[in-house]
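Please consider the model shown here, with attention to its overall fold and its aromatic residues.

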Amino acid sequence: MRRHELNEKQFKKIEKLLPGRKDSVGVTAKNNRNFINAIYWIFKTGAPWRDLPERYGDWKNVHRRFSRWAKTGVFDRIFRVLSEDADMKFLAMDGSVIKAHQHAAGAAKKK
């Protein structure tokens, strides 16, 4: 497995939510996992679509499919399901590093 790709356990969690499955209506996708890994690679690296490695397919096709799925709410469903199972035990918030401008605390303005 590559660094910017989902492992088997991660993909199994979302596999049934993806369009293009063999048991769903419509065209069967060639490789949903490869497509999801392409999206994951883009988001993790912050690279432009044109820099998508060839192993994920033509960047134009990947972007077109990504746009279609975004418009139809596929990613919303995925995020909703994954957020239900979020592991919050390592979440830490520390307010000691938050600073506000002096006027935010009600300081008088100088004229």
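The following paragraphs treat the fold and then the aromatic rings.

This is a predicted model, in which local features need pLDDT of at least 70 and side-chain atom pairs count only at pLDDT 80 or more, while totals for chains, interfaces and linings use all residues. Residues are numbered from 1 along each chain as its sequence is written, and side-chain values use heavy atoms, with hydrogens and water left out.

The protein chain contains four helices and zero strands, where helices are DSSP runs (H or I) of at least four residues and strands are runs (E) of at least two, numbered from the N terminus. Of its 111 residues, 26% are buried, that is, under 20% relative accessible area with a 1.4 Å probe and protein chains only, whereas exposed means over 50%.

Ring pairs link Phe35, Phe43, Trp49, Phe66, Trp69 and Phe75 into a cluster; rings of Phe, Tyr and Trp (its six-membered ring) pair if their centres lie within 6.5 Å, and planes over 60 degrees apart count as edge-to-face. The count comes to five aromatic pairs. One of them joins Phe35 and Trp69 edge-to-face, at 4.7 Å centre to centre and 70° between the planes. Because Phe35 lies in helix 2 (residues 32-45) and Trp69 in helix 3 (residues 59-72), this pair ties together parts 34 residues apart in sequence. Phe35 is buried at a relative accessible area of 3%, and Trp69 is buried at 5%.

Phe43 and Phe66 also form an edge-to-face pair, with 5.8 Å centre to centre and 80° between the planes. Phe43 belongs to helix 2 and Phe66 to helix 3, so parts 23 residues apart in sequence are tied together. Here Phe43 is exposed at 52% relative accessibility, but Phe66 is buried at 17%.

Terms used: Rings of Phe, Tyr and Trp (its six-membered ring) pair if their centres lie within 6.5 Å; planes under 30 degrees apart count as stacked, over 60 as edge-to-face and the rest as tilted.
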